[in-house]
Each structure stands twice: as structure tokens, then as C-alpha cells.
Amino acid sequence: MKKDFTPTLLDLGPLQIYLARHFGFCYGVENAIEIAFRTVDENPGKRIFLLSEMIHNPQVNADLRSHGVQFMQDNYGKQIISFDTLTADDIVIIPAFGTTLELETKLNKIGIQTEKYDTTCPFVEKVWNRSEQIAKKNYTVIIHGKPKHEETRATFSHAAFFAPAVILKDMEQAIELAKYIKGEEPPAQFYEEFKGQYSDDFSVTNDLQRIGVVNQTTMLASDTQAIADYLKQVMIEKYKLATATVEERFADTRDTLCYATLENQQAVSGMLQTDADLAIIIGGYNSSNTSHLVELCEEKLPTYFISSEEKIVSAREILHYNFYIKEETLTSDYLPGKKPVKILITSGASCPDALVEGVINKLVSFFPVKITTEELIEQFA
Ligand code: SF4
């Protein structure tokens with residue numbers, strides 16, 4: 001492992017690929033996939049369900065489906081298979097991003113042992129533990145995350161069990177929340193503005209006096225940090241706090257991003273120091289961590305978010321995902337005419353490395369590359 005975050009250059013002559021220092025599968029995803037396939041192997045003849053997509057990658061999920069695993073909900077909690085059809089004999093696997101306490105209780109009541117097939121990532125559990133710790137010290141838990149994302153819903157459910165909780169999707173919402181902290185907006189308006197994002201019986205007047213920020217583990221590190229710093233400052237000004245007394249109102253929780261998210265994001269920042277022509281990011285279109293890698297790259301150069309090599313239609317055209325409009329877009333002339341063409345490549349935490357290899361091979365096929373794979377590998381021996 002290199003200690004810096006400079007990318008690895010695959011020098012193929014007319015094509016130069018810069019591969020991010022860290023990319024692809026994280027511990028949590030590998031662990032979840034391993035448990036899921038082991039469950040299939042160890043339980044022939046049993047009905048096996050997954051609460052929702054195992055991870056946000058279509059290939060991995062299709063693979064699980066082909067082994068007979070059925071998905072109970074889509075990514076937004078919409079039911080595909082009714083819970084009424086479940087019996088105590090069935091197996092239900094909890095995905096890597098965890099689930100809500102309500103759902104867990106529901107399954108346990110049916111007689112399903114959720115703890116045996118729980119693939120919740122330890123880094124997600126770490127956030128839950130952190131939320132519990134600050135909740136027990138009477139801080140309200142502010143969760144920076146996508147309100148509909150399974151992991152955020154799960155974290156919200158665990159936090160709300162112990163304390164009041166609010167989900168903030170971005171800095172804009174943090175600024176809005178600050179207005180209620182400072183008493184600049186009528187409390188009644190909060191309930192409309194943050195509909196579906198606060199815990200039961202939330203009191204704007206009482207529950208915004210002591211706060212701590214945790215996040216969905218795959219958010220952009222810099223965004224979470226900015227939101228936490230901003231809210232901390234709001235509390236300092238509102239309550240006239242000194243450095244020694246900040247903790248009276250604001251809990252220090254800065255370490256709730258998972259290592260993989262952080263390393264993949266740092267590796268992209270390192271990769272972006274390279275003067276390249278374009279970037280290709282590979283991952284599932286509903287993957288939160290992958291979309292943040294795309295955001296980082298598109299600030300600097302033309303960036304194409306694709307799910308596999310099949311999206312590279314030809315040397316002229318690429319079909320890539322635009323997550324702002326949630327649609328694929330066909331772009332022509334994405335490869336510049338100059339030589340060498342320099343391309344940055346990385347992938348999200350739920351993307352198998354085989355997909356990255358597929359993309360590299362497809363790109364290589366468009367260029368008169370003389371070096372063989374063996375010769376290339378030798379450069380790293
Ligand atoms: S991205 Fe992080 S929190 Fe999510 S599954 Fe991977 S290691 Fe766990």
C-alpha cells in the first residue's frame with residue numbers, strides 16, 4: 001500500500017490510464033456478499049429473502065437473484081413482497097446498510113431470527129453507537145444523509161430510539177435548521193419544512209439546545225465537516241460559548257465517516273492532481289458513495305458515470321448517468337483527438353473490480369496499444 005494518494009499510471013502508449021489509489025469494494029460490502037452467498041449454500045430448500053438490495057450494485061444483486069434470493073423492498077422502502085407472506089421458516093438477510101428497529105421488530109414477531117443473517121456493516125453500527133452515546137448525554141442527533149436512503153433511515157430509527165433526531169440532506173437544510181436554533185423562524189413552520197425528517201414528538205423549542213452531528217457513512221466528507229462546523233458556530237454564537245464550553249451544547253462526533261468512503265474520496269482528490277482529459281467513474285447509479293466521487297471529479301474535468309463497460313458504446317459514444325436528472329445521456333466525441341489520451345478511473349465501494357477491468361479493456365480496444373497485459377503487470381512487479 002502506498003502511503004500517498006497519487007494514482008497508479010497504466011502507461012499504454014497512446015492511452016494513459018490513471019487508476020485511483022483506492023477504489024472499489026470495501027470491507028462492509030465484501031463481508032455482506034460473503035454472508036449472503038454462505039447463507040444460500042448452507043440453507044438448501046429454504047426461502048431466502050433480502051430486505052432490499054444487498055448493496056447498490058446491479059451486477060451483484062442480479063447474481064444473488066440468480067441464486068434464488070428474493071428482494072422484499074426496493075431501495076426506497078417500497079414493498080415488493082408482502083411481509084404477510086413470510087413464515088418463521090424463512091430467512092431474511094439484513095443488508096450492509098442495516099435496517100430500522102421497527103422492521104427488525106416486525107420480523108422478530110413473525111419468528112424470523114434477524115441477528116443470524118445480519119450483514120450490517122460494522123462502520124454503520126459505529127455510527128449507531130456514536131448516536132446512542134451522544135443521545136444518552138441528552139444531545140439531539142442531527143444526521144447528515146439522504147432522507148430516503150436505507151442507511152439514513154436505519155440510523156435515524158436507531159438514534160430516535162434514544163433521543164430526538166433530525167435528518168439534514170445538505171448545507172441548505174443546515175442553514176434552515178439554524179434559523180430555528182436562533183429563533184428566527186416560527187417553530188410551527190419547522191414541521192412542514194422538515195416533514196418526514198424528524199422524530200416523533202420533536203420539540204423545536206426544547207430539542208435544538210444541545211446537538212451532535214453524525215452522518216450517512218457515504219456522504220462527502222467535506223460536506224459533513226462543513227455542516228458540523230457551521231452548526232457548531234451557530235451554537236457558539238447563540239449560547240456565547242468559549243472553546244472550553246462548546247461541548248455543553250455541541251457534541252464532538254467528527255469520526256463517523258467510514259474508512260472506505262474517506263479513502264476513496266481522498267484517492268480521487270489525489271487523482272485529480274493529474275492533468276487528464278476525462279474521468280470515468282464506475283458504479284451502481286443509486287450508489288451514494290459513487291455519486292460523491294462523480295461530484296468531486298466533475299468539478300475539475302469532463303466526467304462520465306457508467307455502470308459497466310457496456311455503456312461505452314464505441315470510441316465515439318458513451319452512455320452515462322446524470323444523477324441530477326436521474327437519466328442516462330448519450331455523449332459523442334468523449335475521447336479527445338490528441339495522443340496520448342489521459343483518463344482517470346475509479347469505482348464506488350459496491351463495484352466489483354471485474355467491472356473496472358472490463359472498462360479498461362474496452363478503452364484499450366480503441367487504441368493501437370502494443371504493450372501486452374503481462375508486460376504492463378511486469379512494470380509493477
Ligand atoms: S461504504 Fe463503508 S459503511 Fe458502507 S458498507 Fe462499505 S465499509 Fe461499510
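The structure is a predicted model, in which local features need pLDDT of at least 70 and side-chain atom pairs count only at pLDDT 80 or more, while totals for chains, interfaces and linings use all residues. Residues are numbered from 1 along each chain as its sequence is written, and side-chain values use heavy atoms, with hydrogens and water left out.

Empty space inside the protein was examined with a probe. Rolling a probe the size of a water molecule over the atoms shows where empty space is left. On a 1 Å grid over the protein atoms alone, a cavity is a set of points where a 1.4 Å probe fits but cannot get out; a pocket is an open set with protein on both sides within 12 Å along at least five of seven lines; and lining residues have an atom within 4 Å of a point. Grid points are joined across faces, edges and corners, and a volume is the space filled by probe spheres set on the points. By this rule one cavity of 30 Å³ or more is counted. The largest cavity holds about 290 Å³ of space. Its lining is made up of 22 residues, and those closest to the centre are V29, F97, E151, T218 and N289. Two or more lining residues come from each of helix 1 (27-42), helix 4 (122-136), helix 9 (259-271) and helix 10 (288-298). Helices (H or I, at least four residues) and strands (E, at least two) are DSSP runs, numbered from the N terminus. By class, eleven residues of this lining are nonpolar, ten are polar and one is charged. In this scheme Ala, Val, Leu, Ile, Met, Phe, Trp, Tyr, Cys and Pro count as nonpolar, Asp, Glu, Lys and Arg as charged, and the others, Gly among them, as polar.

The largest cavity is also the space taken by the ligand, where a molecule sits in a cavity or pocket if more than half of its atoms lie within 2 Å of its grid points. The residues around the ligand are C26, G28, C121, F123, V124, T217, T218 and C258, a residue being near a molecule or strand if one of its heavy atoms lies within 4 Å of it. This shell contains five nonpolar, three polar and no charged residues. Buried means under 20% relative accessible area, exposed over 50%, and partly exposed in between (1.4 Å probe, protein chains only). C26 is buried because its relative accessible area is 12%, and C121 is buried because its value is 9%. A search of the whole structure finds zero disulfides, a disulfide being a pair of cysteine sulfur atoms within 2.5 Å.

The second largest pocket has a volume of about 520 Å³. It is lined by 19 residues, of which L10, E357, I360, T373 and L376 lie nearest its centre. Strand 1 (8-11), helix 11 (353-364) and helix 12 (373-378) each give two or more residues to this lining. Helix 11 provides the largest share, with seven residues. The lining divides into 13 nonpolar, four polar and two charged residues.

S52, in the loop between strand 3 (48-50) and helix 2, counts as buried because its relative accessibility is 3%. S52 and A96 are 44 residues apart in sequence, and their C-alpha atoms are 10.0 Å apart. A62 is part of helix 2 (residues 58-66) and counts as partly exposed because its relative accessibility is 42%. From A62 to K109 there are 47 residues in sequence and 30 Å in space, C-alpha to C-alpha. G337 is found in the loop between strand 13 (327-332) and strand 14 (341-347), and counts as exposed because its relative accessibility is 72%.

P340 lies in the loop between strand 13 and strand 14, and the peptide bond from K339 to P340 is cis, with omega near -5°. N138, which is not a glycine, has a positive phi near 65°. N138 is placed in the loop between helix 4 and strand 6 (140-144) and is exposed, with a relative accessible area of 62%. D201 is not a glycine either, and its phi is positive at about 60°. The loop that holds D201 runs between helix 7 (187-193) and strand 8 (211-215), and D201 counts as exposed at 76% relative accessibility.
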